[in-house]
Structure formats: C-alpha cells, structure tokens
Amino acid sequence: MNMENNSLVIMVGGASSRMKRSLSSDRKNKGVMDHIPHKSLIPVGKNGKPFLFYLVRNAMEAGYENLYLITSPGNEAFKNLVDHGGLPSGLQVFMAIQKVPGDREKPLGTADALQQCLDQYPVLKTSTFTVCNGDNLYSVGALQDLRSERKAANALISYASSGFEFTDERISKFAVMDISEDGFLKKIIEKPTLQDMPNYIDETGELRVSMNIFSFYGEDIYPYLQNCPLDPVRDEKELPKAVGNLVMDDPQSVLCIPRLEHIPDLTDANDIQLFKNLE
C-alpha cells in the first residue's frame, strides 16, 4: 500500500448555482460570473487572482506535487488558467473531465466525479491522495495533516464548529459527524436541522463538521464510488454517502483528524468581500 500522499484532487466542475442566484440580486458583484463557469475562478484579493490560485498555493506549501482538477467538459477557462500561468508554478497539473451521462442534463455528483478522475488516471487507484472542494480555502496545516502518517488508510479533517466564523444556521448547511471514542468516523449527517445539531456534540463539547476534505487510498474508496446510490432528493451520487458506506463496512477505515480554525468559504455574493485582503 502506497501511503505517501503527494497528490491533491480538487473538484471544480459544479454549476455554482447558489452563488449565481446570490449574485443576481447583489448590486456590487452582479455579473461577476457571467463568463466564469465556476466560483473557484472568481477574482478575489488585492491582485484579483482567481480563488483557486490561493488554494493551490496552500497545497504547494503543504508539500503536494501533483494537482488534479476535475472539471466539466466545457473547461476552456481552466485550461487557459493552467496554460497561461494563472496558478502557482511547481505542481504537475492534470485535468480530469466529468462527463455527463447521455440520459441526464447535469453531472452525476461528486462520487461520480471522483470515480471518473480515478478511471482517467489509474495511478490514483493504487496510491493515497487528498480530495477537496474548489470553493473552500483549506489551510496549509489542514492539507499537511492529510499527508502525515496515520493509523488508517483513509482520513478526513474534523473541524470544531467553535472555530468557525459562521452562524449556526450556516453551519447546518454543512455536514456534521458522529465519531467513535477512538477517533474513527461512524457517520456523516448531511445538513442537519438546527434542532438536531446538539445531538452530535462530542464529549469535548464540540460539534464536529466535515468540510469535504478527505484523504483516501484509491483501492479502498473506488468500489464505494462505483456502487454509490443516487441521493433521492438531489438525484446525484454524493461522496459523503460513499464514505458513509465505507465506514459501515469497516468501522475503523476512516480516521477523523481534529482541527480548530475557520475555513473561508465561497457560498454567496457576500463572501467575496471576505477575501479582499488576500495577497
């Protein structure tokens, strides 16, 4: 088993529909995504660099060497970004395309996106890698944590909600975790109600939140990506569901790595201003 983790997979193929709806009623930023396919390409910071630039920069500082971007078929904007030096230099960059099945109008979800990436780059099936969203600015420390030696082949970052600068209502839009006493994931609860959230507070008094940053050994997760059922509401194959099925079969397969910090997040138009001081 190759536990050395030098590869980061970033999912940037989503439609960013919530951000686009928010921008439509925001005077200051209205139109900012008219020609941008994904919110990870929104210009932010003092120099107007795309949001993705800062995430990739953190990945480089954390020691990653290979970058895989999962995009949609119409990915010219990402190709141009890579080809014209729009990302920090020093990483090997690979593009994976999530194709839409012929009987659907939209992609099949994040579990399908990762499966297609592994199919296009089989080296990932026999190695350890990190995968995350393209609209969260994960810290260098969090990215390093998923490269460190650990007692399980798979892991995710377990964020303490007390470190977030979010309201309880916004936290409820994320996913919370049920974690065993020895630190292994038992269950991921997507978008809990405000009333249910206290039920998942751990013995330290913390609500543990998943922000969709995982490290997997390819052979472990691949069958669960293949066999992930469609979510009955979203009609998509979701990565957290695949992970949930993995831990049901092997309760000590996914280690939870705790962190206490805020995760800057691009969800709606108001978030863009939070990144104005990035350099």
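The model is predicted, so local features need pLDDT of at least 70 and side-chain atom pairs count only at pLDDT 80 or more, while totals for chains, interfaces and linings use all residues. Residues are numbered from 1 along each chain as its sequence is written, and side-chain values use heavy atoms, with hydrogens and water left out.

**Helix 7 and helix 8**
- Helix 7 (residues 218–226) and helix 8 (residues 239–249) have axes that come within 9 Å and cross at roughly 115°; helices are DSSP runs of H or I with at least four residues, numbered from the N terminus.
- Axes are lines fitted to C-alpha atoms over the stretch in contact, and angles run from 0 to 180 degrees between N-to-C directions.
- Contact means heavy atoms within 4.5 Å: D220, I221, Y224 and L225 in helix 7 meet L239, A242, V243, N245, L246 and D249 in helix 8.
- The residues of this contact divide into seven nonpolar, one polar and two charged; nonpolar means Ala, Val, Leu, Ile, Met, Phe, Trp, Tyr, Cys and Pro, charged means Asp, Glu, Lys and Arg, and polar means the others, Gly among them.

**Helix 4 and helix 7**
- The axes of helix 4 (residues 110–120) and helix 7 come within 9 Å and cross at roughly 125°.
- In helix 4, A111, L114, Q115, L118 and D119 meet G218, Y222, L225 and Q226 in helix 7.
- That contact has five nonpolar, three polar and one charged residue.

Terms used: Helix = DSSP H or I, 4+ residues; strand = E, 2+ residues; numbered from the N terminus.
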